[in-house]
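Hi,

Here is the model I promised you.

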Amino acid sequence: MENVLDISAREEGEDSGSQRNRVLTEEEWLTKWELRNIGFHNGQGHPCLKKYLDIFLNGRNGLRIFFPLCGKAVEMKWLADMGHHIIGVEISEIAVKEFFTEQNLSYSEETVPEIPGAKLFKSSSGNISLYCCSFYDLTSTVAGKFDAVWDRGSFVAINPCDRERYANLMLSLMNVGCCCLLVTVSYDPNKHKGPPFYVPDSEVKKFFGQCCDIKQLEKIDCFQERHRTWGLDYFWEVLYILQLK
């Protein structure tokens, strides 16, 4: 088996060329939820959020924390219980309703006048608000700006051709001093079509570096048998912290 240095050196020479034109429609994502093809959902929560929580929160209380493409992420309830205000966006109404049901939270449902067809689901406690619509329809006029962002499976899920559009919208939603924990994945993109999509370090810097200070916090070997069935021989998660300048 290759060692870490061998793999890292090889990754530096790879780009996402074979995935660059790969496009998944919103309908395909909706179908994944309908057919329960949701291997991307982590029912236990991501250990890195707990590990780096102090850096993420930086001693701040009552933050507005954004979960892009939130699915039914259990971390939303965890952070809400700490007194923070959670705002998420998710295209699948199934995912949103399952979040509230599985977390035993009562909620209300309302329309969003600024976004045709969109719905807003709010916990009865008022500190969790989930928009059911396309991420690209959300603006700071609708949802306000955020003090922190947890992006565990969003940047790696969007179509590679949309990364600049995604980054520009994300930056427009970040408040002064906003901190974002971003998790990308690294593997040989010539062996798996994605999603999740391979995101090279160079693209994190390209799309966020002008407006954010970027630091790589950790690179985690997450290779499992399912990755082997994808034809891969390594699979890493890479955790960054982005601080709006």
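By contact I mean heavy atoms within 4.5 Å. Keep in mind that this is a predicted model. Leaving aside residues up to four places away in sequence, K77 touches F99, Q103, L105 and I128. K77 sits in helix α5, which covers residues 75-81. Buried here is under 20% relative accessible area, so K77, at 19%, counts as buried.

Now the sheet. Nine strands make up an open sheet with mixed pairing, in the order β3-β4-β5-β2-β1-β6-β7-β9-β8. The edges are β3 (107-111) and β8 (212-221); each has a single partner strand, so one side of each has no neighbour in the sheet. From one strand to the next, the twist averages 20 degrees.

S108 has K122 in β4 as its bridge partner. Helix α6 (residues 93-102) packs on the sheet and touches β2 (85-90), β3, β4 and β5 (128-132). The direction of α6 makes about 10 degrees with that of β4.

Then there's β2: five of its six residues are buried, so this strand is largely enclosed by the rest of the structure. β2 runs parallel to β1 (residues 64-67), joined by four bridges, and R64 is paired with H85 in β2. β2 also runs parallel to β5, with five bridges between them; there V89 has Y131 as its bridge partner. Coming back to the helix that holds K77, α5 forms a right-handed β-α-β unit with β1 and β2.

Cheers

Technical notes
Residues are numbered from 1 along each chain as its sequence is written. This is a predicted model: local features need pLDDT of at least 70, side-chain atom pairs count only at pLDDT 80 or more; totals for chains, interfaces and linings use all residues. Side-chain values use heavy atoms; hydrogens and water are left out. Helices (H or I, at least four residues) and strands (E, at least two) are DSSP runs, numbered from the N terminus. Buried means under 20% relative accessible area, exposed over 50%, partly exposed in between (1.4 Å probe, protein chains only). Two strands pair if DSSP finds at least two bridges between them. Axes are lines fitted to C-alpha atoms, for helices over the stretch in contact, and angles run from 0 to 180 degrees between N-to-C directions. A crossover is right-handed if, with the strands pointing away from the viewer, the path from the first strand over the helix to the second runs clockwise.
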